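User: I am new to this structure and would like to learn how to read it. Could we go through it feature by feature?

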Protein chains: 2
Amino acid sequence: MQEIKLPSLHSDFSVDCVIFGFDEGELKILLIERNEAPFEQWKALPGNLANDDEDIDDAAARVLYELSGLENIYMDQFRTFGNINRHPQGRVITVAYYAIIQATEAGLHPVTNYASKAFWWPAHKLPELAFDHNIIAEKAIEALRNKIVREPIGFELLPKEFTLTSLHHLYEEVLQKEIDKRNFRKKMMSFGIITDLKKKQVGVPHRAPWLYAWNHNKYEELKQKGFVFEI
Amino acid sequence: MQEIKLPSLHSDFSVDCVIFGFDEGELKILLIERNEAPFEQWKALPGNLANDDEDIDDAAARVLYELSGLENIYMDQFRTFGNINRHPQGRVITVAYYAIIQATEAGLHPVTNYASKAFWWPAHKLPELAFDHNIIAEKAIEALRNKIVREPIGFELLPKEFTLTSLHHLYEEVLQKEIDKRNFRKKMMSFGIITDLKKKQVGVPHRAPWLYAWNHNKYEELKQKGFVFEI
DNA sequence: TCGCTCTGTGTAAAATTTACACTTAGATTT
DNA sequence: AAATCTAAGTGTAAATTTTACACAGAGCGA
């Protein structure tokens, strides 16, 4: 193979993650405070240079793991950003992912060297961020919105056992619009991908709501037959 | 700024374009024959390393221009591919775009150094391609399918004056499924984004069909009011 | 037991989607 | 000029989906 004689090429590129959580009825994004230059002490999206021997998806999973301790999380590559001046150290393009996790499951103790701490921030009220991260976050919210109505990923933001009301509020918050309660419940239940756990939430100061769980298996089964989730 | 002391970083990354055309009732993709190593003489998607002073979108537009002479074409960045072994010369990730052009408008005389010739190939019967280009093309077809039902981009594949039948066949070909003729026409016309040119095609050996044109302005106007294209 | 808060439920009207077959225009052939 | 061929063009009824909308019930706390 003559290819061995070719000059070698190399990419320094980063992976940035917009990590979504849902807490207290609000959509949140996980931010870090940067520990190192450039943009030291700025708030930013968690992200890091990819290693040379690492696939892009793996780098994204690593960033999330180092930050939250979570693995096997739903992640979606949604866009690559590469304006020539986006990084002060040179031409560094960044491949952006969004991830969806259950906010309270994440232990926020970064084991990375670029971040000292991590914290949730309301997705719709982000502060000024390092690099072009405000733009990236904005695009991620848009991507999430498009996705959550076509794929049943909303459940990943909720605890295993959830109420229909919390699912309802989640959709209203992500889509930023009101959705009729009865119509929402009717439709969601008609899919047949939610299991009624036959038990009620306890400790609430009013009528206790029923608990439900998202049924992955049933969804996969229906998908085989051509069912398409769409809200 | 202390940032000046930081080590400089650099990305060698490429841009690959899946250029769609529609000709003789068939969806086609523009391929090149590679003129240089690696994969010399292989068929491939048109693509090139981005210049250091070039935004990603600009690099994609350049690749298309050098190949076809066309500018201001609809292009969509749909995914970045970066398996560690995808490029024999090292770690080179590639940002993939698809473009939509009117097949017969393109003058296929590449002025690039990496390609000697360019030619249309049926999108659903691609030969073995260089790098991971078969995977990229497959994903592009998927992205096109998702897009064409939500944004009125199908028109870009047709001549300025087209018949409803050709538009109908275009949708059937891209979506790879039959669509009822009457329902398709009814729906498409109901959007109000197609102008009746009040003239017929000439030189056909049967009843001549009416000609129509895609009305950008009307679409933009309706979009302002909240209209969403959806087929 | 009264009040508060949030849960949970049904129906009718409107809009949209689906299924479906024959007539017409225009060129070509006999 | 009549018959034939090809593709264009058209309407309706039934089924399904979407929308709009309001009140009774459960459970807790005062």
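Analyst: Chain A can be laid on chain B by a turn of 180° and a shift of 0.0 Å along the axis, with an RMSD of 0.0 Å, where copies are superposed by least squares on the C-alpha atoms of residues with pLDDT of at least 70 in both. This is a predicted model, in which local features need pLDDT of at least 70 and side-chain atom pairs count only at pLDDT 80 or more, while totals for chains, interfaces and linings use all residues. Residues are numbered from 1 along each chain as its sequence is written, and chains are lettered from A and ligands numbered from 1 in the order in which they are written.

User: How are the two copies related?

Analyst: In general, two copies of a chain are related by a rotation about an axis and a shift along it. Here the turn is 180° with a shift of 0.0 Å, and the copies are therefore related as by a two-fold rotation axis. The C-alpha of A:Ser11 is the one in chain A nearest the axis, 2.0 Å from it.

User: Which residues are closest to DNA strand D?

Analyst: Among the 17 residues that surround DNA strand D, the closest are A:Arg207, B:Thr165, B:Arg182, B:His206 and B:Pro209, a residue being near a strand if its C-beta atom, placed from the backbone, lies within 6 Å of it.
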